[in-house]
Amino acid sequence: MTSTERLPHLPTTDTSLCHGRILHACHQLPFETTYMGPGKLWTFSPRRGHSAMHAGIRSLKDQWQTLLFGAVGQIHVFSQVNEESKQLWTDQDVLQLEQQLEQEHRCIPLLLDNESAAGHYDGYCKTMLWPLFNYIIWNDATDGRLERQQWDAYCRVNQAYADALVENYKDGDMIWIHDYHLLMAPLMIRTKLPKARIGLFVHASFPSSEIFRCLPKRQEILKGMVAANLIGFQTYANARHFISSCTRVLGYESTPDGVNCNGHHCYVGTFPIGIDTDSVDAQRSSASVAPKIKSIAEMYTGKKILVGRDKLDLVKEVLQKLAAFEKFLMDYPEWRNKVVLIQLTDSTTTELTKLERKVSEAVAHINGTYGSLEFTPVHHYHHHIHRDEYYALLSVADAAVLTAVRDGMNTTSLEYVMCQQENHGPLILSEMAGTAGSMGSALLVNPWDYAGVAKAINDALVMSEEDKRARHGHLLKHVKTHTTSFWAHSFIKQLIHTAYLSEQSSLTPFLDSYHFTERYNQANKRLLCLDYDGTLTPICKSPAAATPPVDMLRALEAISNDPKNQVWVISGRDGDTLDHWLGHIDGLGLCAEHGCFIKYPHTMKWINLTEHSDMTWKHDVLQIFNYYTERTTGSFIEHKRCAITWHYRLADPDYGAFQAKECQNHLEGAILSKMPVEVLVGKKNIEVRPFSINKGEVVSRLLAKLHQESGVDFCVSCGDDRTDEDMFKAMNKTEVVPKQDIFTIRVGSEGKTTQAQWHLPTVQDVIHFLESMTVV
């Protein structure tokens, strides 16, 4: 499933949405840099790795201006530079480097100090994030000091990228951040550029929430990511894992296409990366490749060639592949002396000598058991081979065996398909690889099932030409249509689209503070009605934990002491709780249980507005709530004097929401039809209360009373959920206050359908709003 299947299509004719540049941020520039000496031009050579990503970035240049931000990495020194000049290059040399990279390659270099660079990449990225993202839990227990140092380095480098991007940003630009090295950058950029269009693409895999929650800085990482407008992943499973982590770790509300967090919707989509098919086609067909194809074919005359290419790390699990190949030789003896496995490995770290030794031992064991003086079944090359040799090997192979245990996106499988346009060799691919979901015509295997992999190798070698041709045709069509250019353009168009949706879907504009202050100052008698949970204090998993913040209490007391104001907190809480938290503010009016109880300012007595209501319904409702509480771990019942609330905030998010829907249907079928009550669905709770008792009725009562006593010419209501819509509706339709002096404010996402006229994104914005009234 791709993101474009879940989001509305972008109107392609609206070119006004596409103006501006694309600012890319990668952990390294795609060039090796060489210092040639004082006052001389620097030289650049292509850097190995991430070729698909950089090909996609380059493909965007035909439609947009691009600027690439990245670390320079290790700087090489020309061998003929004298020893004194090698020690240090001057500021003028650095300026020359920056000018050359920007003018020649449209790149902005980041020169990181060695400590930050090592702590960021070799430290936090490679020892904390990369293993976890690939389902490897750390074994070593430490006191946390090293992790803190590496985390500080990770944040410093992310901040350096954010500062550079902000410094070069212009209105209309789009920012595209690449991979797990820069997961904090979106939030750091958003802090300084609230309206920026930010995209984040995670090239690595993303683990399930049960694995991800092991990360000590899990909340910080997720909050850094969701500040983006769009997050892209290689597979739908990775996207689903990310959304689940946001729901389970941060408690954010989610939809199939993204995550809602503090008034901001972060869209999440699937964008499988491809390869530059034109470049691969040109290189495999070049004159320098043909002789190597002939040479390899002659070297293994009469033999079937299996090829594999993997990084030598704990994820690619070359040992499993070798064990499966040994199982193949054991189960299918007819192929002995007839099949060779050419395994290429490449290591990006010096800390895997133990694994390299195990691989060498496994190769020696297979060759010693099934080989002879004339025949060697496994050829292992643990070094980088030339590109021509690589394409020649892919072209001459009879089958490719790519059995990674975990992989973000294995582009070797795509290159193999391009190189097999003449031979149509089958592809044996791990079902856990990122490409598996889109390459159904490959022979998909479980890399842990050695017998299954062995059978797939035999099936590939005995496959009919007709079957080979049909399978390869399907694979080739996918590879040629889902190229790096298609990937990059799809992501950017979706980023434009999601940013456009965010900018255009605002049903409620942000509160105009200038207009509010102007009307507030001119008013003589004001009514201010405020919700509590989610408005004056953040939503908490445990209701008892939602204690009032000190700055909120200070602001609330100050505006309550203004003789022109009558301030009310209208909440679903019970009266005892409101008294405990807010009762010391003498000039504050309190309303409990959504309007069942009321306590006027400067009084101590609660008035029961439902004393004549029939409460016999409570027994039946309690039975239903008990039924679902017993079957939903983490849920509980809150008893109020005139209402009963079932909370499932502590339950499993998915199961809790499912049970809540079932409970709601049960209540509507068994209770609503025969009793004078209504069911109110709140945030992670369901409440049953007497019919016609709601916040709207309270607001109408207060407006009428105030109008009759002293008149009212200004009113405000502020809330965050469906229970507050009655309050907004009652205030909007009142005729005792001029329309321009009515302010109904929804707290949360600007895109939510509401009766409110304005919105504030977060609780802290509400507190600042209250503080602004104290200084007017």
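**Salt bridges and their surroundings**

Modeller: Happy to, and please keep in mind that this is a predicted model. Glu 687 and Lys 640 pair through their side chains in a salt bridge, with an N to O distance of 2.8 Å.

Biologist: What makes this pair a tie between separate parts of the sequence?

Modeller: Glu 687 belongs to strand β27 (residues 685–690) and Lys 640 to the loop between β24 (636–639) and β25 (644–647), so the bridge ties together parts that are 47 residues apart in sequence. Both Glu 687 and Lys 640 are buried.

Biologist: Why is the contact of Glu 422 with Arg 284 called a salt bridge?

Modeller: The N to O distance between these side chains is 3.1 Å; the cut-off is within 4 Å, so the pair qualifies. Glu 422 sits in the loop between α15 (411–419) and β17 (427–430), and Arg 284 in helix α10 (residues 277–284), so parts 138 residues apart in sequence are tied together.

Biologist: Why do Glu 422 and Arg 284 carry the labels exposed or buried?

Modeller: Glu 422 has 53% relative accessibility, and exposed means over 50%, so Glu 422 is exposed. Arg 284 has 11%, and buried means under 20%, so Arg 284 is buried.

Methods:
Residues numbered from 1 in each chain as written. Predicted model: local features only at pLDDT ≥ 70, side-chain atom pairs only at ≥ 80, totals over all residues. Heavy atoms only, no water. Helix = DSSP H or I, 4+ residues; strand = E, 2+ residues; numbered from the N terminus. Buried < 20%, exposed > 50% of the residue type's maximum accessible area, 1.4 Å probe, protein only.
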